[in-house]
Structure formats: structure tokens, C-alpha cells
Amino acid sequence: MVIPHEWVRAHRDELLADVAAYVGIETPSDDKECLARGLSWVDGWLRDRLGPPASVRDVDGGVHGDVKVYDYPGAGQPVLVLAHYDTVWPLGTLADWPFTVDGDRATGPGIFDMKSGLVHAVWALRALDAAELPRPAVRLVLNGDEEIGSPVSRPVIEAAAAGTRATLVFEASADGAVKTARKGVGLFRVRVTGVESHAGLDPAKGASAIDELARAVLALHALADPAAGTTVNVGVIAGGTRQNVIAGAASGQVDVRVSSAAEASRIDAGLAALTAHDPRARVTVEGGWNRPVMERSPATAELYHLARATAAELGVTLEECSVGGASDGNFVAALGHPVLDGFGAVGDGAHARHEHISVEGMLERTALAAAVLHRLGAKPEAPGGPAH
């Protein structure tokens with residue numbers, strides 16, 4: 001297989017210029033106007049770099065970022081490519097943190113998570129076209145609500161997965177490794193209603209919501225099982241009104257991570273079992289599973305082995321890993337499709353001020369993406385068997 005490494009390297013400055021332009025457009029998840037401007041830029045850039053798609057589907061995001069689904073022609077069943085365009089960085093961040101290149105290090109808000117990943121994917125397709133190498137049909141989903149849990153885009157992503165042979169998620173890598181498993185994420189709120197009374201004059205007439213919440217926090221943390229990959233964290237608590245008032249209300253926000261569906265069921269049972277110690281108080285649980293578990297299925301393992309063998313031909317060692325964070329890849333994997341996540345940037349600092357990518361890594365990942373897409377375009381069916 002001949003992959004145009006030198007072509008990618010010869011276009012280094014153009015790739016970097018595209019990353020710079022994309023990073024230079026602020027797209028915070030909570031700013032609809034910024035997201036609209038960002039998506040408009042990406043749409044024009046895609047058409048300039050790849051030509052007009054065979055079809056485009058637009059989904060209104062309401063108060064969140066809109067979603068676009070692009071279908072590009074190619075051989076056989078499409079490969080699904082996932083890339084979100086929203087970032088955690090608020091409007092104005094660029095003013096004191098502009099895109100900067102210093103040697104092999106390029107930095108700027110959102111560059112690692114995950115703007116450079118989309119640039120890799122697009123230039124990988126350009127590389128295949130320039131070399132006149134076959135490529136698969138590609139279905140690209142761009143969403144602007146990933147950083148807040150993909151409330152609008154989840155059903156769009158799940159629908160887009162139908163009939164695809166494999167999914168590549170161009171989220172940032174983990175020190176260069178792709179992610180073949182991710183934990184499921186549960187976001188819950190425990191609310192306690194008590195009975196207010198004067199803490200000095202009538203303490204027995206009260207039922208402390210704070211006392212009940214404290215008991216619930218201990219019960220929740222006891223559900224954690226690090227050996228099974230399960231973490232439970234009550235990260236925010238609130239309650240009461242004054243020191244001298246028995247608290248009538250309290251609440252806690254809970255983050256849960258699990259590595260298997262069985263553990264998710266166990267956590268559900270533990271949440272359902274939360275009850276008030278004082279019969280006059282009441283405990284309720286709100287929220288749910290934000291993202292299902294992405295387990296390393298046989299089909300995902302086969303897709304990884306294909307990518308690893310392809311990387312080896314390029315002189316690259318491609319490792320795999322499991323991580324505690326979740327992505328849109330979780331949704332697709334839960335449907336039974338093979339998914340390779342973390343196919344994007346090599347670097348560090350997601351959601352942090354030291355966020356950066358390796359420029360050399362950008363070139364390597366672009367060439368690797370081209371090689372893997374070429375391989376998938378030559379395969380008659382999805383890894384692990386026909387697409388679901």
C-alpha cells in the first residue's frame with residue numbers, strides 16, 4: 001500500500017494554517033451565536049477542501065449548537081467520522097491565548113480537544129484523492145454540544161451510525177494511543193427535603209436535610225469499586241439557609257463512571273435504595289446516564305488490529321487504552337458498532353491552559369488516518385462482520 005506521506009509533509013504549512021484558522025474562531029458550548037459562526041466557517045472550509053458533499057442534513061440545536069451530517073461519496077458502506085466543534089473555552093479566551101507555534105508545539109483554546117482532529121480527517125481524504133487511492137464513503141457528523149453531554153446530537157449520531165461499517169472518532173489521543181474503551185458516565189442530583197425548625201428553641205421539631213444528605217454522601221461513596229473501574233464522586237453540595245435553622249432542603253451533584261453495563265445496573269440499584277433516616281424527610285434522585293459504556297467489543301478489537309497493522313506499515317506503533325472520560329463514540333459503540341476513538345491529535349492539556357498539539361504528530365496522524373481510511377475503503381464489510 002502506497003500512502004502519500006511526503007504529500008502530507010509537503011503540505012505541513014497548509015495543515016497548520018487550517019488548524020490556526022479553526023482555533024481562531026471561538027466556539028464555546030454555551031454561546032449559540034459563536035457556535036453558529038463557527039459552524040458556518042467549518043461548512044465553507046469543508047466545501048473548499050473536499051468539494052460539495054453528496055448530501056447535507058441540518059439539525060436545529062435549539063439553544064445549543066446545530067448539527068450537520070455530511071455524506072461524501074466513496075466505495076461501499078460509509079465510515080462514520082465524528083467531530084465536535086464546540087469547546088469548553090469562554091468567549092474572549094483568544095484575547096490572551098492566541099494560536100501560537102513554538103517548534104513542534106502548537107497551542108490555543110480547543111486545539112487538542114478537538115479542532116485539530118477534524119483537520120487531520122479532512123487532509124487525510126485530500127491525501128488519498130491526490131494519490132488517486134480508493135477511499136470509502138464518509139459520513140461526517142459535526143456537533144456543537146459534545147462538551148455538555150450531546151443532548152441534541154445524540155439521536156442524530158445514533159441515526160447516522162446506521163449502515164456504516166466502522167466509526168472513527170477524531171477526539172484527541174491519549175499520549176498517541178487510540179481509545180478502544182471508555183467508561184459510561186452518570187450525572188445525578190440527590191435532593192433532600194427536611195423539616196425546618198429553630199436550631200436552639202425547637203431542634204426536635206426539625207428534620208435536617210443536611211444530616212440526611214451527609215448520610216447519602218457516605219452511602220454513595222461506598223458504592224465506588226475502583227477494582228471494577230467504578231468511581232462515585234459527590235462533587236457539589238448545597239443546603240440550608242442559616243446557622244440557627246434546621247435545614248429544610250439540601251442537594252448534592254454526583255458524577256459516576258463505570259466500565260460495564262453490570263456496574264451501571266448496580267449503581268442504579270444503589271441510587272434507588274437511598275432513603276431518609278428520619279421518616280419526616282424525603283430523598284429523591286434526579287438525572288441519569290449521560291453516556292453509555294463503550295466496551296471493547298470483538299468488532300472494535302478487530303478494527304484496532306487493522307489500524308495497528310496499518311500503522312506498523314508506516315513505521316508507527318499504535319497503542320490502545322481505556323479511559324475514564326466519555327465521548328460521542330460511546331453512543332455508537334453501545335449500538336454494537338466497531339469504534340476507534342482518540343484518532344485525533346497527539347498532545348496534551350484537554351480543558352487546561354497548557355492545551356497543545358505536536359505538529360509532527362499532526363502530520364503522522366493525518367497520514368495514518370489516510371492509510372486506515374484507504375484500508376477500510378478496500379474492505380468489503382465492517383470489521384467483525386456486516387454493519388448493524
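1. Arginine 365 is placed over the face of phenylalanine 343, at 5.9 Å from the ring centre. A charge counts as sitting over a ring if NZ of Lys or CZ of Arg is within 6 Å of the ring centre and within 35 degrees of the ring normal. Arginine 126 is likewise found over the face of tryptophan 123, at 4.4 Å from the ring centre.

2. On provenance: this is a predicted model, in which local features need pLDDT of at least 70 and side-chain atom pairs count only at pLDDT 80 or more, while totals for chains, interfaces and linings use all residues. Residues are numbered from 1 along each chain as its sequence is written, and side-chain values use heavy atoms, with hydrogens and water left out.

3. How do helices H2 and H10 cross? Their axes come within 11 Å, at an angle of roughly 105°, and that makes H2 roughly perpendicular to H10. H2 covers residues 12-23 and H10 residues 359-378. Helices (H or I, at least four residues) and strands (E, at least two) are DSSP runs, numbered from the N terminus. Axes are lines fitted to C-alpha atoms, for helices over the stretch in contact, and angles run from 0 to 180 degrees between N-to-C directions. Angles under 35 degrees count as roughly parallel, over 145 as roughly antiparallel, 65 to 115 as roughly perpendicular and the rest as oblique.

4. On the H2 side, the contact with H10 is made by Arg12, Leu15, Leu16 and Val19; on the H10 side, by Val359, Met362, Leu363 and Thr366. Contact means heavy atoms within 4.5 Å. The residues of this contact divide into six nonpolar, one polar and one charged. Here Ala, Val, Leu, Ile, Met, Phe, Trp, Tyr, Cys and Pro count as nonpolar, Asp, Glu, Lys and Arg as charged, and the others, Gly among them, as polar.

5. Glycine 361 also belongs to H10. It is buried, with a relative accessible area of 8%. Buried means under 20% relative accessible area, exposed over 50%, and partly exposed in between (1.4 Å probe, protein chains only). Between glycine 361 and tryptophan 45 there are 316 residues in sequence and 22 Å in space, C-alpha to C-alpha.

6. Aromatic pairs come to seven. Rings of Phe, Tyr and Trp (its six-membered ring) pair if their centres lie within 6.5 Å; planes under 30 degrees apart count as stacked, over 60 as edge-to-face and the rest as tilted. One of the pairs is tyrosine 22 with tryptophan 41, which is stacked at 5.5 Å centre to centre with 20° between the planes. Tyrosine 22 lies in H2 and tryptophan 41 in helix H3 (residues 32-50), so this pair ties together parts that are 19 residues apart in sequence. Tyrosine 22 is buried at 2% relative accessible area, whereas tryptophan 41 is partly exposed at 26%. Tyrosine 70 and tyrosine 72 form another stacked pair, 6.2 Å centre to centre and 10° between the planes; both of these tyrosines are buried. Tyr22, Trp41 and Trp45 form one aromatic cluster.

7. Which residues does histidine 84 touch? Leaving aside neighbours within four places in sequence, its contacts are Tyr22, Asp113, Met114, Asn143, Glu146, Glu147 and Glu171. Histidine 84 lies in strand E3 (residues 75-84) and is buried, at 3% relative accessibility. Asparagine 143 is 59 residues from histidine 84 in sequence, with a C-alpha to C-alpha distance of 4.7 Å.

8. A cis peptide bond joins aspartate 113 and methionine 114, with omega about -5°. Methionine 114 is in helix H4. Of the 20 residues of H4 (residues 111-130), 17 are buried, so the helix is largely enclosed by the rest of the structure.

9. Two backbone entries concern positive phi. Glutamate 132 follows H4 and has a phi of about 55° although it is not a glycine. Glutamate 132 sits in the loop between H4 and strand E6 (136-143), and is exposed at 75% relative accessibility. Histidine 351, also a residue other than glycine, has phi near 65°. Its place is the loop between strand E17 (347-348) and strand E18 (356-358), where histidine 351 is partly exposed with a relative accessible area of 44%.

10. Serine 251 is part of strand E13 (residues 249-258) and counts as buried at 11% relative accessibility. Apart from neighbours within four places in sequence, serine 251 is in contact with Arg189, Val190, Arg191, Leu213, Val236, Ile237 and Ala238.
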